[in-house]
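Keep the structure open as you read.

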Amino acid sequence: MTRAVGGALDRLGRRWERRRGDQYRTLPPGGSAPEGGSQGGELTVEHVAQLTCPPEQVWRLVSTHEALTVNQAPTARAFALPGPRERWCVADVGLGGALLGALVEVLEREEGCRVVTRSLSERGQPRYDWRLVGTQGATGSETLVRVRVTANANDPGSQACQAKVRKLAEDELGWAAHRLVGAPPPAPVPGGMTAAQRAARRRHAECPLEEHDVRGQVVVPLPPEIVWAGLLDASTFSLTAIDGERAAVVPGTPAGEVGELRAIVSLVRGLPYVTFHEVVEIGPGPRLVLRGHSASHPPHLFTEVEPHPQGSMVRATLRLVQHRGSGMASVDLVRTALAEYLGRLRLDLVTRAAG
């Protein structure tokens, strides 16, 4: 993805990163505890709790994408992304009304008893190793659960680092207990924006909005009906995608119809997040309109197909809305990004048609 199309996502990512904060510095894997506390390394903390519910109920929660909603806002939505490796996404409406999804990868799985996950969308995030240790009680309705958290820490030997990682482990089990048996939720971690950050956001929001239309076109050597069918297939959409990633339809939304929500893995400040694009119009004729939902001011992509002597002409207009002086990439760079997307689309459609 070029700098141009990623500009709005990067700004959104910076705001999310300031709000959440990095607790641990990223270090090479396998780091060891330092001598004298001068370097960082890995720190592992284990927490065990007994939950008064059967093991299959606990396993359903911690081993699927539903695990991502245990400590999220009630509006958060989680789903599994299709692909060769198991990845989950949890999405929620963030700052400025933007919808952004954090990406989690399943590193290990032993069906029915153990799953290891790690967030890919935040720097320095720990690994969570869940294990169902056993059951108790005559009916097997009490389950012993262990969560082991391994994090990169600045000073693994310090009490402060150990306390932070210990709270992560306790909170994970605490949220699971809250979801499964109605236990009180863990206390929130202090944080939030500073007064200066809030003032800067207010000043930015008060700047007038500007609208820019960027246009591009490409000739595809295929009949219009084949090109149109390809555009309706979410997996051909790659405007903001990381190389090799394909968009997928969010479960529960109507594929190929108005209301379809496309999820695509994009780079935000160098990290993979899931961004979202909604099909808001189809027609008249072979015309598709997508609204981006992962920016404070949603962009729109208008795409039309018409006959051409060499097959089909695909015309696209990307309409951007931004605050004046917001620092977005220039219109020329956006035009380049759109041209690159149309080139990938042409290649993808031709390759698919060739079988």
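Is Arg 352 buried, partly exposed or exposed? Arg 352 is partly exposed, with a relative accessible area of 35%. Here buried means under 20% relative accessible area, exposed means over 50%, and partly exposed lies in between (1.4 Å probe, protein chains only).

This is a predicted model: local features need pLDDT of at least 70, side-chain atom pairs count only at pLDDT 80 or more, and totals for chains, interfaces and linings use all residues. Residues are numbered from 1 along each chain as its sequence is written, and side-chain values use heavy atoms, with hydrogens and water left out.

**Salt bridges around Asp 348**
- A salt bridge puts a side-chain nitrogen of Lys or Arg within 4 Å of a carboxyl oxygen of Asp or Glu.
- The whole structure holds 23 salt bridges.
- Asp 348 pairs with Arg 352 at 2.9 Å, N to O.
- Both residues lie in helix H6, four residues apart, about one turn of the helix.
- Helices (H or I, at least four residues) and strands (E, at least two) are DSSP runs, numbered from the N terminus.
- Arg 246 also forms a salt bridge with Asp 348, with the closest N and O atoms 2.8 Å apart.
- That pair links distant parts of the chain, 102 residues apart.
- Asp 348 is buried at 12%, while Arg 246 is partly exposed at 46%.

**One face of H2**
- Helix H2 (residues 55-62) has these buried residues: Val 58, Trp 59, Leu 61 and Val 62.
- They line one face of the helix, because they fall within an arc of 160° seen down the axis of H2.
- The arc is taken from the directions from the helix axis to the C-beta atoms.
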